[in-house]
Amino acid sequence: KTLCPPGKHVIHVYSSGGEPYEPWEKLTPGSEEYEAYKKKRVEVLFCAVENAIPDVRDRIEFSIIGSPLAHEAFLRRDRGTYGMAWAAGSSAPQSGILGSVLPFPFPNLKTPIDGLLRCGDSCFPGIGTPSAAASGAIAANTMTHVDNHLKLLTEASKKDPLYKFLDAGIMGQVYKPLVQGFTPSPELRVDQFVSGAGVSPVDYTATDPNISERIDLKQE
């Protein structure tokens, strides 16, 4: 589905992470110099789009340019960039097993604090909307039994025909025995998960009458 009116489209165009920050940090957002520099730097993106849509500038009804300073101000991104920065060929902090098999690994979802997970474009599998969303799915699967994760996907797939692809189907049953011994992550397990693989999934929804017992929040 789309939020655009019939016959309209949204195009999101962006450059690589090689945009120098130094020229931007000398500018004041909202100033004439800043607006002029934005228009100058966006030209390379317009030229790229014009290879596919030659008259794109004539057809635009609304456009907005996101500069590194805008990313820094509105998205709280260091120097207006995305992801983490470390030397090529070296392992990122907390990359775990990824650091031994990938030449340029992102950190995994674990942190030095047991039970504290992270997700987003600064950790595996990396930068971009699909990757950031995937990291959230991985974090969810890490926090609860894989049965609950597959159940959620099945329920979501029935909400709208557009989401039918979310139903894991037979592949979910193939995937399940491969990971059920590792979900939830050991430091997040309660008594029901101590035995590892094969345990019954836990319902962590607010409608579960035993939720206080199942997540060790018993009243003293």
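Reader: How many salt bridges does a search of the whole structure find?

Author: The search finds eight. A salt bridge here is a side-chain nitrogen of Lys or Arg within 4 Å of a carboxyl oxygen of Asp or Glu. This is a predicted model, in which local features need pLDDT of at least 70 and side-chain atom pairs count only at pLDDT 80 or more, while totals for chains, interfaces and linings use all residues. Residues are numbered from 1 along each chain as its sequence is written, and side-chain values use heavy atoms, with hydrogens and water left out.

Reader: Which residue forms a salt bridge with Glu43?

Author: Side chains of opposite charge can pair when their charged atoms come close. In this model Glu43 pairs with Arg57, the closest N and O atoms being 2.8 Å apart. Glu43 lies in helix 2 and Arg57 in helix 3 (residues 56-59), so the pair ties together parts that are 14 residues apart in sequence. Helices (H or I, at least four residues) are DSSP runs, numbered from the N terminus. Arg57 also forms a salt bridge with Glu50, at 2.7 Å between the closest N and O atoms. Shared partners join Glu43, Glu50 and Arg57 into one network.

Reader: Is Arg57 buried or partly exposed?

Author: Buried means under 20% relative accessible area, exposed over 50%, and partly exposed in between (1.4 Å probe, protein chains only). Arg57 has a relative accessible area of 35%, so Arg57 is partly exposed. Glu43, at 32%, counts as partly exposed, and so does Glu50, at 23%.

Reader: How many aromatic pairs are there?

Author: Rings of Phe, Tyr and Trp (its six-membered ring) pair if their centres lie within 6.5 Å; planes under 30 degrees apart count as stacked, over 60 as edge-to-face and the rest as tilted. The count comes to two. The rings of Trp24 and Tyr34 have centres 6.0 Å apart and planes at 75 degrees, so this pair is edge-to-face. Trp24 belongs to helix 1 (residues 22-25) and Tyr34 to helix 2 (residues 32-50). Trp24 and Tyr37 are also edge-to-face, with 4.8 Å centre to centre and 70 degrees between the planes. Trp24 is buried, with a relative accessible area of 3%.

Reader: Which residues does Ser135 touch, not counting residues up to four places away in sequence?

Author: Contact means heavy atoms within 4.5 Å. By that rule Ser135 touches Leu109, Cys119, Gly120, Phe124 and Pro125, with residues up to four places away in sequence not counted. Ser135 is found in helix 6 (residues 129-143) and is buried, at 0% relative accessible area.

How values were computed:
Helix = DSSP H or I, 4+ residues; strand = E, 2+ residues; numbered from the N terminus.
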